[in-house]
Amino acid sequence: MSAPGPQTALISHFKVLLNSFSRVYFLGKPWVGAIFLLLSLANPHLAISGLLAVVAGYGFAYLMGMGKEFLESGVYTYNTLLVGLGVGSIYRLTPLSVLILLMAGLLTLAITLALSRVFYAYLALPILSLPFVVVIGAVSLASGKYSNLYVSSLYPAANLLPNPDWPAWATGYFKCLAAIFFLPHPYVGLGIALVLLAASPILFGLSLTGYFTGSLISGLMTGSFQQSFLNLNHFNFILIGMALGGVFLVPSRVSLVVSLVGVSCSVLLVDAVQVFWSAYGLPVLTLPFNLVALTFVYALGALKFPQISRRILGSPEESLDFHRSVALRFDPCPIGINLPFSGAWTVWQGFEGPWTHQGNWRHAYDFILADGKGQSFTGPGKRLEDYLAYKKPVLSPIAGQVVKTVDNLPDQEIGQTDSRNNWGNLVVIRSNFGYHVEISHLAKESLKVKEGDWVERGSLLGLCGNSGYSPQPHIHLQVQAGPDPGSATLDFRLTSYLSGQTYFTLGQPGKDEVLTPLSQAGPEPFVLDQEIELECFHQGTPKGTRNLVVRMDPEGTLYFDSTTGKLYFGRVHDGHCHYSLQGQDKLLSSLFLALPRLPLGGCNDYVYEERLPLNLLYPGWLRRWLLLGSALFDLPQSPRGVYRYKRGVLTGKISGPLGREFNTEIHLDSVVGFTKFQVGDWTFERKQHEKT
Amino acid sequence: MKEPYQKPSVRKLAQGSHNKYGSGNYYGRKVRTEIDGQTIAGLVERFGSPLFVYSERQIKEKLKELKTALTVRYPKVELAWSYKTNYLQAICALMHQGGSLAEVVSQMEYDKALGLGLKGKEIIFNGPYKPMDALETAFAQGAIVNLDHQDELSDCEQVATQLGRKLKVGLRLNLDAGIYPQWSRFGFNLESGQAWEAAKRIKAKGLLEVNGLHCHIGTYIMEPEAYGTATRKLLEFAAKLEAELGYKLDYLDLGGGFPSLSRLKGAVLPPEVSLPNLESYAETITSTMYRYLKPQSLPTLYLETGRALIDEAGYLITTLHASKRLLDGRKAYIADAGINLLYSAFWYRYNIEIEKEVTGVNEPSVIYGPLCMNIDVVDEGVLLPSLSRGTRLVLSPVGAYNQTQSMQFIGYRPNVVLVRENGTVDVIREKETLSDMESRECLPPDLKLH
């Protein structure tokens, strides 16, 4: 790959600048930042101060050689921007004010870096605009002594625009919205509101609900709504509403409730801080927002609230789309192990089972072999030999080292159990990732491994038996932290199997599900630097040839690069999965739609259902409104694909909101991945001889 | 569901162990009134006699039994339906729907498999006679080809040159698994070093690559341990291939040869007693594989089981056309089905069941077929009560080889039906007419009588 030219470098630096502006309203979109920058020119002193501070902070970070992703995101430089804007709102541009601007800007960057590390490491929290609160407080306190600065630079905040004659609540809302930028003017607020509406209907809605909930409660308390709508500090309600409702939580009705609760509680803080802080001559600024948002996010995190955003993206809509199509597609449970057998076995007892899988031992599975009618034995079922599971191979579900074995306990006759040695004959294997897997009730003297042996996934451990506390021959499987038999269990998932006919990359099957492990995967069909040449047809008419190149991003994720888009993919537990699409590209979105996932181990016949990201099917503006609708009313449902694989061909039926329905088909090949695929009217055919 | 009302009836217990003489030779007899719910009389009324009848339920159950016995022991198993055992389209299609690949041994069988919708890579191509164009098609379509002899090896190298790429091939081996007679006419011999020579030659030329081993130790093998021996020898050979020539095994094909419940002539014990079950074959093969293989590189285990899957699911209904007394005093019957339909009668004794209960004392009887040929004998000595003309007998198991090896000889071949799981009966091969028999004949005009 060639290094980016000076022009692209300049563009990316400029994007950082713009991103800092858009991050103030929790958005990561350069075009939004550009409009905010233009709006801030309503007060040129302010705009230029802000720009200067960012450039100083960014330039310093750049010279120090800080990471590219870090700089480009805008998350780290937006505090510097806020400080610049804050200073610019007090002092006009003079040499002295520029000096203090630079000092404050660099101090903010340093505090941001330091605090973000501490917050992330100890609290797993973002720092929001705390550095800004600290620095601007310091500037306010210190500048009381700087008489020289006062004389030369202090100016009444210029009011270049005429004030409109709007009702108090409207003026109040727009002014507060603009006050976040230190430009409390209704027209600027109107501009910002329109941009929010276009870029993120969810954020716009949350700014309304946040502001009016907070202001109405404050008005009720003080007895004057007029007064409440005049209070500029109420911009905190907007920020809290947006942060809790759409940024740190995945947008939904629940997050809306949380955001309203947060705003309501923050009324106390906003009013308290006002009294306390102003005694020292400090502006209230975003302190209440920071306190409330951080406390709520931390508290919800401690409760393991399921709807906390796992990744904060460019807008709440993107986070929601990500959550629905990635977070829900890939279970975050860190431990995934294979099934400990071959062939189709039945779950006899699952997690939190009614008999023995309780309390400390709730994360465990019991498997039996059953015939088509669910019966686990033939004949009268009085002898061990009648049981289908008896003496069938038990295979290692992980790679690791055998740390404990018991091999000499007798197999109990049917109807008898050994409650003194309740785990029976067993193997405990320590995974290379630190956890332990215990497999119990093996047949007497059937073990093929001994303590100290290293085993692979699929190694023969022994034979299924009926030793220990076991009413019938079965395999007991559990994951635990320690090597001692019967240690407390850890949560885990099973990987790469069919339940009935349905394929699971990772799953937690329930009682009576019939599970068949898929055999271990061969090599990935797509390798780095591979070039794939495809001929495109629309309704049978040739539309030229396109090239895809397999590349790797800095985090190590592979993607298909079509120059206009990136389709990320990877290997998840013996399966090939497409993660997400960046950019717009018919070829890449079609490939994703035709093949969201693929088990790489051999399997001739399976089905699965997949939630698909909206950006594969809908343009940006439509997507945003669909997401707002789906957040509030769970409607319309996110697009789904139902896939069926049979003998080399994966066919899909895709249905999405607004009546989007079409079929997909992809011809798979065990060596090159795929040879041909079709999505709706489009067909893509792979050229035969490619460079690899 | 409520059972439909059935009128009570009194039946004399003259059958099997219920009669007062026990199950001895004089009164013991076998009766089969129906096949999967279809009465024998009803079937003959609709489809005529003789009639081949297959049971879909039995086919599926047997397939599932074998598949389960293998897959619960070993993760990578594929069954390949041996076409020559029975290549009626409906039978093959049932096997393929049940997940089996196709094992073919000729161009004709290959074409049949393609015609049923299989792809090349779902076909295993075996056999000693693979003409050049058949090899070309098979390789171009990605079929699995197991080489039988040195000349075929040269043919494959020629195909590789034509196609311009390295071709993957399997080697068919014959070896001493303790089975007598040892089949040595197919494939390369292991113990004499033939197989190793072939592999070295392949390596030296570099046009082919060995990725599989095939071995078929024989047919109707009653000793599971023989498969254990064969597996061990093949895997030892595979280890040598990998260590010295760098060939890694994708598959191990143990052929077929599992017995069905048919009774060989001269066997003393009934097959239910003398034959091991499918589980013991699966156990021996897979436990040997675990002993020699690493879990990361398990080859796929192919089995080309034919007879054990289909034989017991096939029945032949035949009607007694006449009876006579032979010179030596034996009773003889002339049935409407003979060795033209029952090729396996040469080495099997069928289970002969009467369609209804018949009273009377058993006597040694001969069943002849309808052909005007001395060799047309279905059974030389079976104990039967005196049967009247028109009585129907059910012969089983006849599902393996009889269909494919039946002859267009003297008479027409009859209907073949499949009793479906849903209770209906489908004709899967219509009975022949004169035009079927003459459709490929050409009568020179001057020889015409009119």
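**Getting to know chains A and B**

Reader: Hi! Where is Pro50(B) found?
Author: Pro50(B) sits in the loop between helix H1 (40-47) and strand S3 (51-55) of chain B. Helices (DSSP runs of H or I, at least four residues) and strands (DSSP runs of E, at least two) are numbered from the N terminus. This is a predicted model, in which local features need pLDDT of at least 70, side-chain atom pairs count only at pLDDT 80 or more, and totals for chains, interfaces and linings use all residues. Residues are numbered from 1 along each chain as its sequence is written, while chains are lettered from A and ligands numbered from 1 in the order in which they are written.

Reader: Thanks! And what kind of peptide bond joins Ser49(B) and Pro50(B), cis or trans?
Author: That one is cis, with omega at about -5°. Tyr180(B) and Pro181(B) are also linked by a cis bond, with omega near -5°. You can look for Pro181(B) in the loop between strand S8 (167-174) and strand S9 (188-189) of chain B. For background, most peptide bonds are trans, and most residues other than glycine have a negative phi.

Reader: Speaking of phi, what is the phi of Leu128(A)?
Author: Phi of Leu128(A) is near 50°, which is positive in a residue other than glycine. Leu128(A) lies in the loop between helix H6 (95-123) and helix H7 (130-143) of chain A.

Reader: Is Leu128(A) buried or exposed?
Author: Leu128(A) is buried, with 26 other C-beta atoms within 10 Å. Here a residue is buried if 20 or more other C-beta atoms lie within 10 Å of its own, exposed if 12 or fewer, and partly exposed in between, with C-beta atoms placed from the backbone.

Reader: And what is the phi of Ile410(B)?
Author: Ile410(B) has a positive phi of about 70°, although it is not a glycine. This residue is in the loop between helix H12 (402-405) and strand S21 (416-419) of chain B. Ile410(B) is partly exposed, with 13 other C-beta atoms within 10 Å.

Reader: Switching to cores: how many residues has the largest nonpolar core?
Author: It has 175 residues, and among those with the most contacts inside it are Leu177(A), Ala293(A) and Val394(A). Such a core is a set of buried Ala, Val, Leu, Ile, Met, Phe, Trp, Tyr and Cys residues joined through C-beta atoms within 7 Å. A second, separate core of 114 residues includes Leu153(B), Ala198(B), Tyr348(B) and Tyr350(B).

Reader: Which residues is Ala293(A) in contact with, leaving aside its neighbours within four places in sequence?
Author: They are Leu128(A), Ile240(A), Ala243(A) and Leu244(A). Contact means that the C-beta atoms of two residues, placed from the backbone, lie within 7 Å.

Reader: How is chain A divided into domains?
Author: Chain A has domain 1 (1-157), domain 2 (164-324), domain 3 (336-517) and domain 4 (531-686), with bounds from an automatic or database domain assignment. The C-alpha centres of domain 3 and domain 4 of chain A lie 37 Å apart. Between these two, 9 residues of domain 3 of chain A touch 13 residues of domain 4 of chain A.

Reader: Which elements give two or more residues to the side of domain 3 of chain A that touches domain 4 of chain A?
Author: Those are strand S11 (493-499) and strand S12 (502-507) of chain A. S12(A) gives the most, with 4 residues.

Reader: What does UniProt place at Lys84(B)?
Author: The unreviewed UniProt entry places "modified residue: N6-(pyridoxal phosphate)lysine" at Lys84(B). UniProt positions are given in the numbering used here, feature names are shortened, and annotations may be inferred rather than shown by experiment. Lys84(B) is in the loop between strand S4 (77-82) and helix H3 (89-97) of chain B, and is partly exposed, with 19 other C-beta atoms within 10 Å. Apart from neighbours within four places in sequence, Lys84(B) is in contact with Val105(B), Glu109(B) and Thr404(B).

Reader: Which residues of helix H4 of chain B are buried?
Author: In H4(B) (residues 107-115), the buried ones are Glu109(B), Tyr110(B) and Ala113(B). They cover an arc of only 105° around the axis, so they are on the same side of H4(B); the arc is that of the directions from the helix axis to the C-beta atoms. The face turned away from the buried side carries the exposed residues Met108(B) and Gly115(B).

Reader: What do the buried residues of H4(B) pack against?
Author: They pack against strand S5 (101-104), strand S6 (123-125) and helix H5 (132-140) of chain B. After H4(B) comes Gly117(B), with a positive phi near 100°.
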